[in-house]
Amino acid sequence: MSVIHQQVKLSLLKDKQVSLVVKREDLIHPFISGNKFRKLKYNLLEAQKQGYHTLVTFGGAYSNHIAATAYAGKETGLRTVGIIRGEELKGGYKSNPTLAQARKNGMEFIFISRDQFRDKTSPIFLQSLQDSIGEFYLVPEGGTNDLAIKGCEEILGESDINYDYLCCSVGTGGTVAGIINASGATQKVIGFASLKGDFLTKDIRNFVTKDNWEIRTDYHFGGYAKISGELISFINWFKRETGIPTDPIYTGKLFYGVLDLIKQGYFKPGTSILVVHTGGLQGVEGMNIILKKRQQPLIEV
Ligand SMILES: Cc1ncc(COP(=O)(O)O)c(C=O)c1O
């Protein structure tokens, strides 16, 4: 698969003599874009190999992973069941663009409370699921497991070995783990966490053997799916300047962080940086509904 490499032109980059290229994995597919395609690829093959007809996975109201799994199920003929965080969404999911589209793509939903959601991988809960929907192949929340990481290792192509730094957004850590595993010995990988907390480094260590990486935990803007006015203005500015759309949960924070590090002089002159754009743009419509209700500026699409 050939993925576009887009050279970014900004006066900041010229001033600091740093080259910034974006790997546009977001353009792979409107629903199974970026890391979602990579993470699902080997899991779908495994589910089919093991003879499963149903995929079960978990997610919240704006989950890119739910959107991608629903579409992948439709494409491969597998039944999909989404365990959704928040019982309150049951009556109103049709007005949530992510869930409405997933439903259109054939996903069945089971809405559970936030407390139950925390306990979603307990043997008791999984058994009760099996009793009600039959045998299933379980794809974890965010899609991260060994097969997903194997898929994410394929994000880097041969020419990507020439960049000094590789940057990507981090949720559960599967994507950055794949990139670390596929990186060259002299390359450095920086993951930008979209969630609050320091647990990620420990999780990622379970999946990688190299130590040429770091996770930045200072660009989460308050945590997962928190809406910051500063971030929204950055997303709109970045799109106007470069033509590259980003989302407020993952990739907006990533690009904000990368440009901030460049501003601070973190990268020495002559450095080349490859930023992997992992998609997530399907969530923007839902975010804009919230912003509109709050009478805040919208994300320009
Ligand atoms: C668009 C996008 N980028 C990045 C990530 C982070 O990926 P990971 O959970 O593998 O760290 C996600 C979430 O899974 C995502 O949806």
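## Sorting the neighbours

Before we start, a word on how residues are classed: Asp, Glu, Lys and Arg count as charged, Ala, Val, Leu, Ile, Met, Phe, Trp, Tyr, Cys and Pro count as nonpolar, and the others, Gly among them, count as polar. Please keep in mind that this is a predicted model.

How do the residues of the shell around the ligand divide? Two are nonpolar, 12 are polar and two are charged. There are 16 residues around the ligand, and those that come nearest are Lys36, Lys39, Gly171, Thr172 and Thr278.

Now look at the oxygen atoms of the ligand. One lies 2.6 Å from a polar side-chain atom of threonine 172. At glycine 173, a polar backbone atom is 2.7 Å from a ligand oxygen. Threonine 175 has an N or O atom in its side chain that is 2.7 Å from an oxygen atom of the ligand.

How much of the ligand does the protein bury? Taken alone, the ligand exposes 380 Å², and the protein buries 98% of that.

## Where the ligand sits

The ligand takes up the space of the largest pocket. Helix H2 (35-49), strand S7 (165-170) and helix H8 (174-182) are the elements that give two or more residues to the shell around the ligand. H2 provides the largest share, three residues.

Finally, step back to the domains. Both domain 1 (5-31 + 146-293) and domain 2 (34-143) give residues to the shell around the ligand, so the ligand lies between them.

Key:
Residues are numbered from 1 along each chain as its sequence is written. This is a predicted model: local features need pLDDT of at least 70, side-chain atom pairs count only at pLDDT 80 or more; totals for chains, interfaces and linings use all residues. Side-chain values use heavy atoms; hydrogens and water are left out. A residue is near a molecule or strand if one of its heavy atoms lies within 4 Å of it. A polar contact is a pair of N or O atoms within 3.5 Å; within protein, one must be able to donate a hydrogen and the other to accept it, and residues adjacent in sequence count only if both atoms are side-chain atoms. Accessible areas come from the Shrake-Rupley method with a 1.4 Å probe; for residues, only the protein chains shown count as cover. On a 1 Å grid over the protein atoms alone, a cavity is a set of points where a 1.4 Å probe fits but cannot get out, and a pocket is an open set with protein on both sides within 12 Å along at least five of seven lines; lining residues have an atom within 4 Å of a point. A molecule sits in a cavity or pocket if more than half of its atoms lie within 2 Å of its grid points. Helices (H or I, at least four residues) and strands (E, at least two) are DSSP runs, numbered from the N terminus. Domain bounds come from an automatic or database domain assignment.
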